[in-house]
Amino acid sequence: MIVAASGALLASVGLPTTYVGTVPHRAARWAETLSIIGLGGKLRGSLVLSIPTQLVLRSHPTGGTGPEELGDWLAELANLLLGRIKSNLLSQGATIEMSTPLTLSATAFRFERFSGTPVVHEFDCEGETLHIVFEAIADPDLRLTSPRTGAAVESGEMVTF
Amino acid sequence: MATGKKIVVVDDSRTARQQVSNTLVAAGYEVIEAVDGNDGLLKIMSNADASLVVCDVNMPNLNGLEMLKALKTDQPGARMPIIMLTTEAQPALLQQAKQAGAKGWIVKPFKPEMLVAAVRKLVGDS
């Protein structure tokens with residue numbers, strides 16, 4: 001679900017990717033700016049997006065070039081991606097809440113979690129490396145069902161009242 | 001061609017606001033931008049002649065549904081049609097928006113032609 005949603009979103013903003021696989025978190029080459037968005041409800045955790053600056057620049061929908069504009073777009077991409085994942089989860093009977101996203105810039109990142117090993121998904125976009133991390137703890141009573149169509153409004157659709 | 005009509009766009013993402021603004025300006029509308037629900041209420045109050053509001057849901061300070069409910073209990077915003085534009089797609093939230101008086105719900109990323117068609121219909125330009 002994470003890989004499919006990520007690939008579809010990135011392609012929709014002009015970044016066609018190939019999924020490489022999962023990589024050890026300590027081996028991941030993080031971009032200089034990451035966006036993070038939290039989730040709560042039946043699944044509690046976070047989504048982290050690491051996209052090289054040149055790809056953020058290339059995909060910016062209004063031609064933004066400054067650090068604040070690029071950071072804002074990276075945050076919006078995290079919001080859009082978690083929105084897609086949320087819709088997919090909803091179709092399988094799981095409701096989650098989304099926080100507002102934020103971005104962090106640094107010369108180096110070390111990604112840790114409190115227990116276990118983070119799952120870092122790696123994508124290639126024309127020789128550039130992107131990383132996406134989805135970490136979540138499920139409620140003990142959560143049971144995902146088979147996907148149902150019509151459980152949520154699809155991306156790009158409109159409902160009138 | 002300018003329509004002479006104002007639209008208030010409320011979104012905490014500058015990029016998202018610009019995308020919506022660019023689309024609506026190209027369609028002939030004047031756009032007033034607001035960065036969250038609180039700012040949205042202020043901009044709507046100070047632009048009582050606005051024809052429509054396009055509003056995100058997940059925002060800091062005052063979210064879009066809270067802004068919608070506040071607006072519908074207070075003039076002059078109570079008469080303005082509102083379109084929610086968001087990544088949220090949960091039927092329960094759509095129901096809340098409908099009950100609070102929203103006229104439409106678009107799940108991001110939006111199709112510009114769809115947004116413009118909805119706006120034109122709601123402001124009587126179609």
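## Salt bridges between the chains

A salt bridge is a side-chain nitrogen of Lys or Arg within 4 Å of a carboxyl oxygen of Asp or Glu. In this predicted model, B:Arg14 and A:Glu68 form such a pair, with their closest N and O atoms 4.0 Å apart. The count of salt bridges between chain A and chain B is 3.

## Extent and composition of the interface

The size of an interface is often given as the accessible area lost when the parts come together. Here chain A and chain B bury about 2500 Å² between them, and 57% of that area lies on carbon and sulfur atoms. Of the area that chain A buries against chain B, 28% is supplied by A:Gly156, A:Met158 and A:Phe161, more than by any other three residues.

In terms of contacts, 30 residues of chain A meet 31 residues of chain B. Between the two chains there are 13 residue pairs in polar contact, counting pairs with both residues at pLDDT 80 or more. On the side of chain A that touches chain B, the elements giving two or more residues are α3 (67-91), β4 (96-98) and β8 (158-160) of chain A. The most comes from α3(A), with 12 residues. By residue class, this side of chain A divides into 12 nonpolar, 10 polar and 8 charged residues.

## A sheet that spans both chains

Strands of a sheet pair through backbone hydrogen bonds, either parallel or antiparallel. In this model, β8(A) is joined to strand β5 (residues 104-107) of chain B by 3 bridges, and the two strands run antiparallel. Within this pairing, A:Thr160 stands opposite B:Gly104 of β5(B).

Strand β3 (residues 52-55) and strand β4 (residues 82-86) of chain B pair in the parallel sense over 3 bridges. Here B:Cys55 stands opposite B:Met84, a residue of β4(B).

Methods. Residues numbered from 1 in each chain as written. Chains lettered and ligands numbered in written order. Predicted model: local features only at pLDDT ≥ 70, side-chain atom pairs only at ≥ 80, totals over all residues. Heavy atoms only, no water. Contact = heavy atoms within 4.5 Å. Buried area = accessible area lost by both parts, 1.4 Å probe. Polar contact = N/O pair within 3.5 Å; in protein donor to acceptor, adjacent residues only side chain to side chain. Helix = DSSP H or I, 4+ residues; strand = E, 2+ residues; numbered from the N terminus. Nonpolar A, V, L, I, M, F, W, Y, C, P; charged D, E, K, R; others polar. Pairing = 2+ DSSP bridges.
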